[in-house]
Amino acid sequence: MAEVWIAAAPGEDARARGLAEVLCALGFKADAAPPPEAEIAAKVEAAKCVVTLWSAEPAPVWLTAAVTMALDRKKLINAELKKDATPALFHAAPRIDLARGDRTIFKERFGALIVELDKLSPTKADPAAMPAALAAARGALLLKTPEKKSGGLATLGIALVALFVVGFGAGRLINAIRNGDFQFMTAMADAAPTSAPAPRPEIATAPPAEAARFAAARLQTEAWRDTAARIDAESAREIKSGAERGEPVAQALACLGHLAGAEGFLPSPTAAREFCDASAAQNQPAGLYYSWVLRRAAPHAGLSEAVARERLAEASRLGWTNAQIDYAQVLAGSSAIEAQAEAGRLFLAAAERGDARGQFFYARWLRDSPAGPRDPTAALPFLEQAVTQGQTDAQHMLATLYRDGIGVPRNEGRAKALYEMAARENHAPSMFNLADMLRSGSPEERARAIVLYQSLACMRDELRIQPLAVQRLRALQASATCR
């Protein structure tokens with residue numbers, strides 16, 4: 001059983017699953033699966049905390065009854081997706097407004113939710129995972145959901161349970177749930193023609209190991225090729241099954257699978273576009289972002305540049321880290337100072353979440369952008385943070401600053417060490433600069449320089465560096481044998 005159960009009306013099941021995924025990434029054991037009627041009491045009893053998402057969706061009777069039981073057990077947290085959506089019946093439990101889209105306010109409110117969870121759950125949130133989790137939570141909870149008309153018996157959940165609580169007492173209601181005598185109430189709501197079908201599982205609410213494999217916190221910062229490489233035959237079957245059921249995360253992953261020709265998927269830009277279109281239509285940030293990736297990697301797939309860019313901008317607005325960085329790069333290429341300033345804000349947002357690529361690009365923006373301070377010294381803290389995460393572009397940039405004494409005192413030893421870090425990852429500019437620094441040094445350094453030049457001379461895709469490496473080898477009376 002999960003320590004944290006996310007309970008929500010059927011119309012909010014996607015947000016509930018998204019929040020459960022975020023909490024799992026923070027280290028909590030969370031799920032958002034609604035229990036069978038006979039298991040409501042066991043579900044509430046087993047959970048250390050019940051987080052209920054309140055919105056404009058009508059609450060079914062089973063949900064209201066479960067929340068009543070959670071309130072009695074002092075394990076209820078009310079999370080509001082619409083301001084003041086928590087019924088008065090449950091105001092005795094903590095209430096947290098998560099409806100505000102402003103990043104600063106949302107960060108404060110989401111932090112308050114985690115504080116309440118830490119009080120109730122034996123597991124405590126991982127602070128290192130918080131920046132990525134915050135971004136994922138905004139994306140999950142602020143997703144637009146289609147408005148649904150509802151009425152009749154399906155809307156009577158709160159009123160019915162309130163009547164039973166007032167007339168017969170919460171204890172009697174709880175005993176009815178536990179003993180299975182609550183069915184006559186839920187049958188009324190289930191009979192209503194407007195009631196939503198039971199939510200179906202998808203990648204985001206798979207068992208913990210599978211959820212961790214394709215958690216939003218990882219997807220939104222990982223290179224898309226790396227994500228595709230992690231798709232194996234088993235996960236491909238689950239992704240396809242979820243995509244066929246219309247689950248937006250699975251559709252986004254199916255788009256990626258077809259684009260990359262991952263295991264279990266045929267390479268097909270057309271099929272990739274269809275799945276990306278379906279996921280994007282549900283405003284899923286992964287589907288919106290992978291649409292942009294698809295346009296870049298397979299421009300013949302039938303997705304226009306305008307649509308791809310519009311989806312990229314929307315994924316960025318929803319807080320998807322990779323989308324923020326890529327959209328910021330688009331804006332940074334504009335001649336408009338306002339666009340370049342917005343690029344800086346997006347780079348900073350990604351950097352603040354601890355994303356190494358965001359830290360590098362924000363450092364470069366601080367150094368070079370006309371909308372920024374053009375101050376290499378201001379870039380140093382962000383470069384240092386990215387370097388510790390192994391970001392090769394940051395290692396190269398910081399090495400160059402130390403080599404030339406720009407923004408920092410000149411330090412050739414530090415520069416060589418940083419170039420070496422990036423060179424080990426075959427970062428061609430770092431390999432070349434390091435070789436140039438070593439070629440006139442000791443015999444050992446000269447030998448290392450020759451090895452680096454030889455590697456570069458065989459990199460046929462390095463059209464500018466490769467010819468220079470060949471020239472350097474000739475000057476050192478050496479050559480390269482490329483296979």
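Biologist: In which loop does aspartate 84 lie?
Modeller: This is a predicted model, in which local features need pLDDT of at least 70, side-chain atom pairs count only at pLDDT 80 or more, and totals for chains, interfaces and linings use all residues. Residues are numbered from 1 along each chain as its sequence is written, and side-chain values use heavy atoms, with hydrogens and water left out. Helices (H or I, at least four residues) and strands (E, at least two) are DSSP runs numbered from the N terminus. With those names, aspartate 84 lies in the loop between β4 and β5.

Biologist: What phi does aspartate 84 have?
Modeller: Most residues other than glycine have a negative phi. Aspartate 84 is not a glycine, yet its phi is positive, at about 60°.

Biologist: And is aspartate 84 buried or exposed?
Modeller: Buried means under 20% relative accessible area, exposed over 50%, and partly exposed in between, with a 1.4 Å probe and protein chains only. At 52% relative accessibility, aspartate 84 therefore counts as exposed.

Biologist: In β3, what is the bridge partner of valine 4?
Modeller: Strand β1 (residues 4-8) and strand β3 (residues 49-54) run parallel and are joined by 5 bridges. In β3, valine 4 has as its bridge partner cysteine 49.

Biologist: How many charged residues are in the contact of α17 with α19?
Modeller: The axes of α17 (residues 321-332) and α19 (residues 356-368) come within 10 Å and cross at roughly 25°, which means they are roughly parallel (under 35 degrees; over 145 is roughly antiparallel, 65 to 115 roughly perpendicular, the rest oblique). The contact is made by Asn322, Ile325, Asp326 and Gln329 of α17 and Arg357, Gly358 and Phe361 of α19. Ala, Val, Leu, Ile, Met, Phe, Trp, Tyr, Cys and Pro count as nonpolar, Asp, Glu, Lys and Arg as charged, and the others, Gly among them, as polar. The residues divide into 2 nonpolar, 3 polar and, as charged, 2.

Biologist: What is the handedness of the crossing where α21 passes α22?
Modeller: The axes of α21 (residues 392-404) and α22 (residues 412-423) come within 8 Å and cross at roughly 160°, which makes them roughly antiparallel. A crossing is left-handed if the near helix is turned anticlockwise from the far one by less than a right angle, and right-handed if clockwise. Here, α21 passes α22 in a crossing that is left-handed.

Biologist: In which helix is glutamine 359 found?
Modeller: Glutamine 359 is buried, with a relative accessible area of 2%. Not counting residues up to four places away in sequence, glutamine 359 touches Ala351, Gly354, Phe382, Gln385, Ala386 and Gln389. Glutamine 359 is found in helix α19.

Note on methods:
Two strands pair if DSSP finds at least two bridges between them. Axes are lines fitted to C-alpha atoms, for helices over the stretch in contact, and angles run from 0 to 180 degrees between N-to-C directions. Contact means heavy atoms within 4.5 Å.
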